[in-house]
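Let's take a walk through a protein chain together. Have the sequence and the 3D view ready, and follow along one stop at a time.

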Amino acid sequence: MQGQASFLEAGTGIGKTFGYLLPLAAKAALSQSRLIISTRTISLQSSILSTAIKMVEKCLADFDFPYFTHTQRIGMRHFIDYNKAIQEAINHKHSHPRKYKEFTEWASKCATEGDGLIKTWFKNNKNLPFNISPDDICITPTSQKEINSAHDLQMLNSKSSNIVITSHAMLICTMNNDALGEIGNRDTVLLDEADSIINVAENLSQRRLNITKINRTISQNKRSLTKKGLAIYSEINESAHKLKNKYSCQKSEHIFFKSNSEITETTEQINYFLKLVCSVDRYIKKSFKHSDEATALINIAFESEQISRTLKTLNVFMCGYRTKAYDDFGFILKKTHPGGILKYFINREIPLIFTSATLRDRASTGNNESFDRFKRELRIFDNEQIGEECAIEPKSFGKAKYKLITNKSPKPIKKNEDEEIEQDYEINPDWLFNVAKTIKNISNSGKKVLVLTSSYNETSLLMSQLGSIATPHNGGDITSAFKEHLSDKTAVLITPAGWEGQSYRKHDKQHFEVVVITKIPFLPPDEIKIYNKAVSLTNDYEIPKSALIRARNYIEIDAREHTAKKLIQGMGRLIRSADDIGDIIILDPRFPKYHDASVKNSFLRNCIPKRFSDNYKNHKTINCDGIDESGPSTKEVVNFL
């Protein structure tokens with residue numbers, strides 16, 4: 001497998017993590033090599049550490065394997081910078097002495113003795129004091145060294161442990177900053193929740209250079225600069241205005257370059273602007289050395305340095321942009337494709353394993369089970385670079401009963417034809433009422449219910465009708481919301497963010513007996529506006545109609561994949577062991593019934609796990625009161641005949 005990428009798909013909850021971890025941990029223990037596991041969500045990392053790792057340790061100990069070491073590596077923004085915490089709170093020392101003392105003592109203890117994480121504050125408090133946000137007190141690249149002992153220890157352990165569990169973002173960043181130590185060809189890199197690596201890589205590689213914001217920040221803090229610094233600021237200000245005035249005649253929000261010579265000229269101007277900004281923190285007055293003004297200038301210089309490095313690597317921009325709200329002007333740097341990033345490992349003959357419950361193609365209406373689309377997205381075409389391809393699905397694993405809302409019931413989306421596309425979709429109140437009524441009926445039967453919604457707005461609207469029977473997840477860590485649900489002893493947990501990565505179990509036993517999917521998680525109408533923007537560009541540029549059709553098709557297929565993956569993950573929250581049993585209730589009438597003749601949304605049938613295909617064939621069709629409107633089943637008709 002050295003220098004190759006392998007692909008593994010296995011159904012949600014069937015033991016995929018234990019399945020890959022056991023042999024790879026054994027390999028790491030025997031050869032004293034390393035296994036790097038990256039995930040998209042911290043909740044999956046926590047699950048691996050709390051459950052799968054312990055199971056593997058016990059198994060290998062029973063067979064007298066050598067011990068292996070393991071650690072978790074999370075980003076610096078989760079850790080507290082004690083100096084920043086003091087700086088943010090100092091102005092409230094005399095006005096709120098008790099709260100100031102409590103907060104600073106916690107910050108000191110957390111940074112020196114505890115786990116170093118900002119989230120520990122929220123165990124006993126709802127918010128940080130004095131309107132402080134986590135971003136105000138987290139560690140950044142400009143933080144003082146050895147400011148947080150837990151962070152320092154984690155960095156050290158991540159470079160020496162046999163198994164390192166981290167995030168996709170950290171894995172990508174390690175290619176530039178050695179955050180995980182040197183990864184060699186004896187080691188293995190496994191990406192769980194691998195279908196999200198594309199978006200993570202693109203988000204990391206795309207950078208926005210906000211010319212106006214940089215200039216404004218320096219202007220607001222220029223009193224801390226020396227005479228030489230003020231002279232440099234004057235040049236920065238002049239350079240910023242030249243760039244902005246150059247494109248002031250273009251009224252559109254996105255400014256596209258018309259020739260390579262224009263790109264080259266703009267790049268030279270940007271490099272000059274960034275060079276000036278990167279030097280501004282060298283000319284801070286001594287009297288301002290530890291001030292907020294100095295911190296702001298140091299941060300802006302550091303960020304500009306990072307953008308400058310990115311620009312040298314990418315060499316080109318995607319486009320310029322202008323925001324209406326603040327009249328900001330800047331540039332968007334071109335995205336680096338994740339395929340190029342991941343080939344970093346392949347070229348060094350490091351085995352790569354991609355795994356998830358949703359890697360195969362599901363956007364088509366047919367039963368296509370290949371990994372071709374995902375391989376194309378990664379730009380992996382060479383057969384010599386492709387290792388194993390495997391999809392695992394047990395014939396039976398627990399039992400899920402499907403109940404689908406009747407086609408006669410109101411649809412979730414209400415469309416107003418008189419309004420423009422930005423405002424033409426809203427949640428149908430009749431549908432929302434029926435959803436709340438169904439959830440109440442289920443909870444009254446004594447069952448525990450997990451409700452998966454499409455947005456925080458929908459969650460809020462549902463809560464206004466459900467009241468005290470439900471615990472809402474209004475943001476933050478889903479694990480914390482689940483714990484709150486358990487402590488409050490409510491019948492229902494409502495979340496728009498709990499579709500994947502979270503195993504809702506209590507003492508390793510099934511907790512929820514029903515999963516309710518309120519609405520098919522189609523991408524919101526805002527995403528479809530991408531196509532409309534592409535059409536509007538034809539006013540200024542000649543774009544062939546065939547290219548627009550390809551763009552529209554790509555967006556539609558991408559939207560289908562997004563929907564299918566989310567549904568598969570959502571259904572997988574119910575059955576997590578062979579003994580689990582429960583109901584999956586879908587309250588969106590647009591989900592196809594098994595015997596529906598219509599081909600509209602028929603690709604959604606690919607979201608049904610094969611182990612539940614018979615359950616889906618025999619699904620019940622219910623109304624909002626939960627009354628069965630299915631009529632006789634196929635089996636009953638055959639028996640009657």
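Our first stop is Lys213, which counts as partly exposed because its relative accessibility is 45%; partly exposed lies between buried (under 20% relative accessible area) and exposed (over 50%), using a 1.4 Å probe and protein chains only. Lys213 sits in helix H9, residues 211-220. Helices are DSSP runs of H or I with at least four residues, strands are runs of E with at least two, and both are numbered from the N terminus. Lys213 and Asp327 are 114 residues apart in sequence, and their C-alpha atoms are 9.9 Å apart in space.

A word on what you are viewing: this is a predicted model, where local features need pLDDT of at least 70, side-chain atom pairs count only at pLDDT 80 or more, and totals for chains, interfaces and linings use all residues. Residues are numbered from 1 along each chain as its sequence is written, and side-chain values use heavy atoms, leaving out hydrogens and water.

Now step back to the whole chain. The protein chain holds 21 helices and 22 strands, and 47% of its 641 residues are buried.

Next, turn to helix H4, residues 97-112. Which residues of H4 are buried? They are Tyr100, Phe103, Thr104, Trp106, Ala107, Cys110 and Ala111. Seen down the axis of H4, these buried residues fall within an arc of 160°, so they line one face of the helix; the arc is taken from the directions from the helix axis to the C-beta atoms. On the other side of H4, Arg98, Lys101 and Lys109 are exposed.

Technical notes: Expected span 1.5 Å × (residues − 1).
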